[in-house]
Amino acid sequence: MYLGIDVGGTHTDAVALNESGIAAQVKVKTDHHDLLASVNAALEGILATIRPEDVRQLNLSTTLSTNAIVQGLTEDVGMLVVSGTGIQASEFMLCRDFHALKGSIDHRGSEIERLDEDEVKAAIASCRKAGVKVFGCVGKFSTRNPLHETTIRQLIGAPGEGGADEVTLGHELGGRLNFPRRLATAYFNCAVWRVFGAFADAVEQSLARLGLAHVRVNTLKADGGTFPLSQARKMPVQSIFSGPAASVMGIIALCDITHDSIILDIGGTTTDIAVFVDGQPLVEHDGIHIGSHPTLVRALKVRSIGIGGDSAIGVLGEVVRVGPNRLGPSMADSIACGCDCGEAPRPTLIDALNCTGACAHGNVEASRQAVARFAACHSISPEVLAKSAVEAAAEAIHKATRELIDEVNDKPVYTIHELLEGRRVAPRRVYIMGGPAGAMKEAVRQRFELFTVVPEHARVANAIGAALTRNTASLELFADTERGVMFIPALSHRENVPRNYSLKEASRDALNHLLAHLSEMGVFADRDNAQVNHASSFNMVNDGTTTGRNIRVKCQIKPGVAFALAQPGAKGGR
């Protein structure tokens with residue numbers, strides 16, 4: 001059995017499945033004050049019908065890191081930054097304990113200016129005096145030579161030696177050259193490190209208590225893949241925005257998508273919008289933004305808006321609106337408080353859908369009464385209010401989707417597998433998932449005027465996507481044949497190569513190192529899923545003579561699902 005748990009904004013969904021289909025599923029309310037309680041409740045619900053010894057793997061998608069950032073629950077970070085010449089680190093101050101240090105590495109990895117170790121020690125002492133226990137160390141060209149970053153880590157010291165609890169080095173975040181993005185990524189990785197680690201500890205304790213200590217545990221990443229919980233502890237920043245990734249992978253598992261398509265995950269709080277091109281989801285090639293800060297975190301391209309089943313209905317003048325606020329559950333899900341609070345609760349989109357007959361969720365009569373009371377306050381008939389609210393939700397989703405497609409068509413299109421140059425997206429189908437998916441199908445179809453599909457198991461598609469998503473990883477290899485050096489930043493691997501080292505050899509070595517790295521982590525990766533998605537070689541010339549080559553190779557394990565629940569050619573819809 002494969003278990004998948006998706007901790008969403010309103011509900012936590014869990015499924016247990018194998019190649020025969022879904023063996024168990026459960027949906028519980030998400031407790032944002034105690035996400036572990038939501039995970040435990042979901043696990044206990046699954047284990048009511050599934051034997052613990054039958055479970056092989058658990059994939060977990062959690063909003064923990066995202067929530068910690070949004071709610072300001074991160075801890076103070078000491079940023080020790082070596083920018084060298086050109087762009088100055090002080091232009092990108094991310095926190096109070098931010099120290100720009102002397103030293104410089106050039107673009108080929110040569111040390112131009114040494115670190116001032118006394119200055120570094122003074123910066124570390126200043127951070128410790130302020131109570132800082134986690135550090136980010138970033139040098140501008142550390143992906144070419146990590147000498148300064150590793151020296152700073154040595155000066156900080158290990159936890160057992162009175163050093164830091166966690167040190168994130170910029171070069172270990174990936175091989176791309178983008179100093180500001182690397183700074184932000186290192187900062188956020190440190191900021192959520194402790195809260196994620198505490199959650200991971202609690203999850204492992206819960207699994208042991210429930211007889212699941214033998215289960216392999218993975219965490220979803222924003223790029224549509226998973227990585228082992230042990231790796232997630234080191235790089236929790238990769239788990240940010242993993243919820244939308246679960247949505248996309250769920251649709252891949254449930255539907256055989258071959259056309260340009262729109263994916264709508266309508267939850268209780270938000271609607272996540274994704275775009276597929278030729279059956280493949282798009283990615284944020286440069287990395288996502290966390291708040292106003294661009295990062296190196298690779299992610300599927302998803303737009304979220306405040307429209308969900310529990311989004312409150314409002315009236316401004318004669319215009320009926322839905323969202324973006326969620327003021328509480330729908331009246332269909334509410335239990336009367338029994339007091340005279342003086343103000344009637346606001347009905348939600350689910351209440352409107354109940355009134356139009358699109359669904360019969362929960363207490364339908366409570367929905368009708370709430371819509372009628374609210375309509376009377378605004379001199380509107382309940383029928384008109386409910387119908388207008390559903391149309392307003394569909395219009396808001398349509399408008400946000402058109403904006404996303406326009407944005408996509410203004411730039412090169414990157415799918416999870418490749419760059420499609422000159423390709424314009426022209427959607428032909430809409431796929432809807434989430435709790436209100438079936439109820440919103442007709443309103444969405446009418447507004448988009450496209451063939452619209454609600455797949456079987458749409459209510460728990462996120463959890464299915466989480467359960468079936470396979471491990472992914474990527475790395476970049478750099479070689480300078482004039483200097484006879486090859487370097488893989490993410491692995492801190494450096495070796496000598498001959499002057500005739502070729503692009504073909506570099507591609508081979510990159511794939512071999514990637515697969516070996518996964519094997520060392522206990523992760524099986526099929527070589528057929530490994531691909532080189534960038535390879536370039538440039539001659540270096542001095543006085544009219546070629547002196548060597550500058551080689552760059554990027555490879556990855558392609559995102560995908562372990563197996564599909566939909567049969568090939570089946571559209572999986574109703």
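This is a predicted model: local features need pLDDT of at least 70, side-chain atom pairs count only at pLDDT 80 or more; totals for chains, interfaces and linings use all residues.
View 1. Two elements each give two or more residues to the patch: strand E8 (111-113) and helix H3 (117-129). Asp-116 sits in the loop between E8 and H3. With a relative accessibility of 31%, Asp-116 counts as partly exposed.

**View 2. Cysteines without a disulfide partner.** How many disulfides does the count come to? The count is zero. Take Cys-95, which is in no disulfide: the nearest cysteine sulfur belongs to Cys-127 and is 7.8 Å away. Cys-95 is buried, with 15% relative accessible area. Now look at Cys-190, whose closest cysteine sulfur is in Cys-137. The two sulfurs are 7.8 Å apart, so they are too far from each other for a bond. Cys-190 is buried as well, at 0% relative accessibility.

**View 3. A salt bridge between Asp-260 and Arg-423 links distant parts of the chain.** Side chains of opposite charge can pair when their charged atoms come close. In this view the side chains of Asp-260 and Arg-423 meet, with 2.8 Å from N to O. Asp-260 lies in the loop between helix H8 (242-254) and strand E13 (261-266), while Arg-423 lies in the loop between strand E24 (419-420) and strand E25 (429-433).

**View 4. Arg-303 and Glu-407 pair up and belong to a network.** The closest N and O atoms of this salt bridge are 2.6 Å apart. Arg-303 comes from strand E20 (residues 302-305) and Glu-407 from helix H11 (residues 382-409), 104 residues apart. Both are partly exposed: Arg-303 has a relative accessibility of 24%, and Glu-407 has 27%. Through salt bridges that share partners, Glu-284, Lys-301, Arg-303 and Glu-407 are joined into one network.

View 5. Glu-391 is partly exposed, at 42% relative accessibility. This pair is one of the 26 salt bridges counted in the model.

Notes:
Residues are numbered from 1 along each chain as its sequence is written. Side-chain values use heavy atoms; hydrogens and water are left out. Helices (H or I, at least four residues) and strands (E, at least two) are DSSP runs, numbered from the N terminus. Buried means under 20% relative accessible area, exposed over 50%, partly exposed in between (1.4 Å probe, protein chains only). A disulfide is a pair of cysteine sulfur atoms within 2.5 Å. A salt bridge is a side-chain nitrogen of Lys or Arg within 4 Å of a carboxyl oxygen of Asp or Glu.
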